[in-house]
Amino acid sequence: MAVELLNAMIENRKKVQFGWSMYDWANSVYSLVITSTIFPVYYNSVTQSGEGGDVVSFFGFEVVNTVLYSWSISFSFLVIAILSPLLSGMADSGGKKLTFMKIFASLGAISCMGLFFFDGQNLEFGIACSVLASIGYAGSIVFYNAFLPEISEESEYDMLSAKGFALGYIGSVILLIINLMMIQMPGMFLLEDGGEAARWSFLITGVWWLGFSLIPFSVLPDNPHGRKVDRSLLLSGYREIRMVFKEVKGKRYLKRFLLAFWFYSMGVQTVMYMAASFGDKELGLAGDKLILTILIIQVVAIVGSYLFAFISKRKGNRFSLVSMVLIWIGICFAAYFVTTEYEFYALAFVVGMVMGGIQAISRSSYSKLIPSDTIDHASYFSFYDVTEKIAIVLGTFSYGLIEQFTGSMRDSSLVLGTFFVIGLLFLLRLKFPKHKLAKV
C-alpha cells in the first residue's frame with residue numbers, strides 16, 4: 001500500500017513538472033514569432049514609406065521605425081518591472097500565483113490576436129497591441145518561474161529548467177515553420193500575399209499560446225502552502241516585497257548574482273529582440289533569410305540548453321555561466337564586423353548555442369540561491385524578473401538611442417559587449433554557498 005502511494009506521488013509530481021514545462025511550449029511562440037522574426041520584419045515593411053524612408057509619425061512625433069519598436073519594448077518591460085514586485089507579493093500572500101499567471105497569459109495571447117488587424121496605417125494600435133502582448137508575456141513569466149522550486153527538488157532544477165526552454169524552442173520552431181510556409185506559399189493557404197499570411201501568423205500565435213496554456217493551468221497548484229487569502233492583498237504585497245528586499249540585501253551571493261544577471265541580461269535580451277532588425281537594416285537580408293536565421297538560433301538553442309545543463313552538473317553553475325558570458329562578449333564584437341549573409345548565419349549559430357543555455361542556467365542558479373526555508377517564491381522571483389525586465393528596458397533603450405544618434409546598429413552592438421564584460425566581473429566574484437551541485 002505504501003509503495004503504491006509513493007508511486008502515485010512520484011507519478012503526480014512528474015505530471016505537474018511536465019505541465020509546468022509545457023508553459024514554455026505555449027508562450028515561447030510569442031518570443032519567436034512576435035518579438036524575434038515575423039512581426040519585426042512585417043513591422044519594418046508596413047512602416048516604410050514608398051520612397052524607402054524609415055521615419056514614422058507616432059502620436060504626432062517623428063521617429064525612426066526601428067527605434068520606435070525598440071523603445072516600445074523598453075516601455076512594456078518598464079511597466080511590468082514596476083508592477084511585478086507588487087503583483088508577486090500579492091500572489092504569495094494570497095496564494096494566487098496561478099491566478100495571476102492566467103490573467104497575464106490571457107492578456108498576452110489576446111493582444112497577439114489583435115495584431116491581426118495591424119496593417120501599418122494604424123501604427124498606434126499596432127504598437128499598443130505589441131506592448132500589451134509584451135506585458136502579458138513578461139507578467140506571466142514572473143509567476144511561472146516561481147513554481148520551479150515548489151514542484152521539484154534542488155537536484156532537478158538545472159535539467160527541469162533546461163527541459164522547459166527546450167520544449168519552448170521545439171514548439172516555437174514548429175509553429176514558425178508553419179508560418180513561414182504560409183508566407184512563402186500564401187496561395188496554398190488561400191491567402192492573397194505574404195502580408196496577409198503574416199497577420200494570420202499573429203492570430204495563430206495567440207491561439208497557440210492560450211490553447212496550450214490550458215495544460216499547465218490544469219495541473220499547477222494555485223495555493224500549495226494553503227495560505228488564506230488576505231483581504232488587504234495590496235498591503236500584504238508590499239510587506240512581502242519589503243521582507244524579501246531585506247533578505248536579498250543581507251545575502252552577498254544573491255546581490256552579486258543579481259548584479260551579474262542584470263548586466264549580462266541587458267545584452268542577451270536585446271540581441272533576442274533586435275537580431276532580425278539588425279540583419280534587415282545593416283545587411284539588407286530578405287525577410288525569409290532573416291526568419292531562417294532566427295530558426296537556426298532556435299534549433300541550436302535546444303542543444304545549448306542541455307549542453308550547458310550538463311556542463312553545470314559536471315563543473316558547476318558559475319563555470320557554466322562564465323563560459324557563456326565570455327562567448328557572448330565575442331559575439332557582440334564580432335557583430336560589428338559582420339558584412340555577409342553567411343557570416344551572419346555563423347554568428348546566429350553561436351548565438352543559439354548560448355541563448356538557451358544562459359537563460360536556463362540563470363533561472364536554475366537563482367533557484368539554488370533562494371533560501372531553502374522560504375515559501376515566498378513568487379516574491380523572490382519578482383526580484384529576478386524585475387532585474388531582467390529593467391535590463392531589457394536599459395538594453396533596448398540604449399540600443400535604440402545609439403542608433404538614433406549614430407545611424408548604425410553596429411555601434412549599438414559594441415555597447416552590448418561592455419554590458420557582458422561588467423556582468424562577467426560580478427560573476428567572477430560569485431560563490432554558490434552550501435550547494436554541492438553548484439561548485440566554486
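## Exercises on contacts and burial

W25 and W208 are both buried. The model used throughout is predicted.

**Exercise 1.** State how many salt bridges a search of the whole structure finds, then identify the partners and their surroundings.

Solution. 
1. D24 belongs to helix 1 (residues 2-36) and R363 to helix 13 (residues 341-369), so the bridge ties together parts that are 339 residues apart in sequence.
2. D24 and R363 are both buried, that is, under 20% relative accessible area.

**Exercise 2.** Count the aromatic pairs, then classify W20 with Y144 and W25 with W208.

Solution. 
1. The count comes to 29 aromatic pairs.
2. For W20 and Y144, the ring centres are 4.5 Å apart and the planes make an angle of 20°. Planes under 30 degrees apart count as stacked, and the W20–Y144 pair is stacked.
3. W20 is in helix 1 and Y144 in helix 5 (residues 123-146), so this pair ties together parts that are 124 residues apart in sequence. W20 and Y144 are buried.
4. For W25 and W208, the centre-to-centre distance is 5.7 Å and the angle between the planes is 15°, and this pair is also stacked.
5. W25 lies in helix 1 and W208 in helix 8 (residues 194-219), so the pair ties together parts that are 183 residues apart in sequence.
6. Ring pairs also join F39, Y42, Y43, Y69, F118 and F202 into a cluster.

**Exercise 3.** Locate N179, decide whether N179 is buried or exposed, and list what N179 touches beyond four places in sequence.

Solution. 
1. N179 is part of helix 7 (residues 157-184).
2. N179 has a relative accessible area of 0% and is therefore buried.
3. Leaving out residues up to four places away in sequence, N179 touches V33, I38, S201, I204 and T205.

**Exercise 4.** Compare the reach of helix 4 with the expected value, and find the ring under K97.

Solution. 
1. Helix 4 (residues 97-114) contains 18 residues and reaches 26 Å from its first C-alpha to its last, close to the 26 Å expected at 1.5 Å a residue.
2. Its buried residues include K97, F100, F104, G108 and S111.
3. K97 lies over the face of F147, 5.8 Å from the ring centre.
4. In another charge-over-ring case, the charged end of R199 sits over the ring of F116, at 4.9 Å from its centre.

Technical notes: Residues are numbered from 1 along each chain as its sequence is written. This is a predicted model: local features need pLDDT of at least 70, side-chain atom pairs count only at pLDDT 80 or more; totals for chains, interfaces and linings use all residues. Side-chain values use heavy atoms; hydrogens and water are left out. A salt bridge is a side-chain nitrogen of Lys or Arg within 4 Å of a carboxyl oxygen of Asp or Glu. Helices (H or I, at least four residues) and strands (E, at least two) are DSSP runs, numbered from the N terminus. Buried means under 20% relative accessible area, exposed over 50%, partly exposed in between (1.4 Å probe, protein chains only). Contact means heavy atoms within 4.5 Å. The expected span of a helix is 1.5 Å times one less than its number of residues. Rings of Phe, Tyr and Trp (its six-membered ring) pair if their centres lie within 6.5 Å; planes under 30 degrees apart count as stacked, over 60 as edge-to-face and the rest as tilted. A charge sits over a ring if NZ of Lys or CZ of Arg is within 6 Å of the ring centre and within 35 degrees of the ring normal.
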